[in-house]
Amino acid sequence: EALVLLIGLAVGAASGYLSNRLLSFLTESIGAVALALPFLLLALVTATIFSSRDLPLILAVASVGWVYSMRIIRREVSRLRGGLPVVAALSWGFSSRDIVLKIILPRLFYILPSLALFGIAEIITIEAGLSFFGIGVIGGTPSLGGMLLEARTLTVSFWWLAAGPSLVLMSLV
């Protein structure tokens with residue numbers, strides 16, 4: 001989730017503050033494409049292409065998860081860019097770098113906890129889905145999706161094998 005927030009913060013702050021038409025078009029186009037396709041499908045394809053190791057699984061989630069935070073941060077930076085603190089800093093001769101680092105970024109920290117909470121729930125769901133399809137966490141590492149995959153064939157006789165991980169997953173999300 002930290003990687004997702006970092007990418008979203010960097011791209012969103014840059015495209016929101018610079019207000020370059022080409023940069024805005026590129027970020028909105030990439031965002032529209034990423035949001036048009038199902039998130040689980042993109043993560044599934046990315047994880048399948050690389051392999052079933054932990055790092056590609058993290059990269060699979062981060063490669064498509066940054067779009068939501070980027071759009072929210074971009075909108076907030078665009079709003080802050082026209083605000084009184086930024087106008088005052090420009091009149092005092094602050095550089096763009098100082099304005100972004102000292103005025104805009106500290107005003108974005110109230111957004112980050114809520115983005116992180118929604119992102120963690122999304123990552124838990126994606127990891128469980130990928131593990132259920134058999135390409136998530138491998139080895140002896142316990143996973144809710146892996147437990148559901150193993151319980152799938154035994155559900156008729158032993159319903160609690162699927163009910164336990166399902167309830168835990170539902171509670172976490």
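**Figure 1. Order of elements along the chain.** From the N terminus on, the elements run α-α-α-α-α-α-α-α-α. The chain of this predicted model has nine helices and zero strands (DSSP runs numbered from the N terminus: helices H or I of at least four residues, strands E of at least two). Residues are numbered from 1 along each chain as its sequence is written. In this predicted model, local features need pLDDT of at least 70 and side-chain atom pairs count only at pLDDT 80 or more, while totals for chains, interfaces and linings use all residues; side-chain values use heavy atoms, without hydrogens and water.

**Figure 2. Helices α8 and α9.** The axes of α8 (residues 144-151) and α9 (residues 160-172) come within 8 Å and cross at roughly 155° (lines fitted to C-alpha atoms over the stretch in contact; angles from 0 to 180 degrees between N-to-C directions). The two helices are therefore roughly antiparallel to each other (angle over 145 degrees).

**Figure 3. Residues between α8 and α9.** Leu144, Met147, Leu148 and Ala151 of α8 make the contact with Leu161, Ala162, Pro165, Ser166, Val168, Leu169 and Leu172 of α9 (heavy atoms within 4.5 Å). These contact residues divide into 10 nonpolar, one polar and no charged.

**Figure 4. The C-alpha trace.** Along its principal axes the trace spans about 75 × 30 × 25 Å. Of the 173 residues, 37% count as buried (under 20% relative accessible area, 1.4 Å probe, protein chains only). Among contacts between residues at least 6 apart in sequence, 70% join residues at least 24 apart.

Definitions and conventions:
Parallel < 35°, antiparallel > 145°, perpendicular 65-115°, else oblique. Nonpolar A, V, L, I, M, F, W, Y, C, P; charged D, E, K, R; others polar. Buried < 20%, exposed > 50% of the residue type's maximum accessible area, 1.4 Å probe, protein only.
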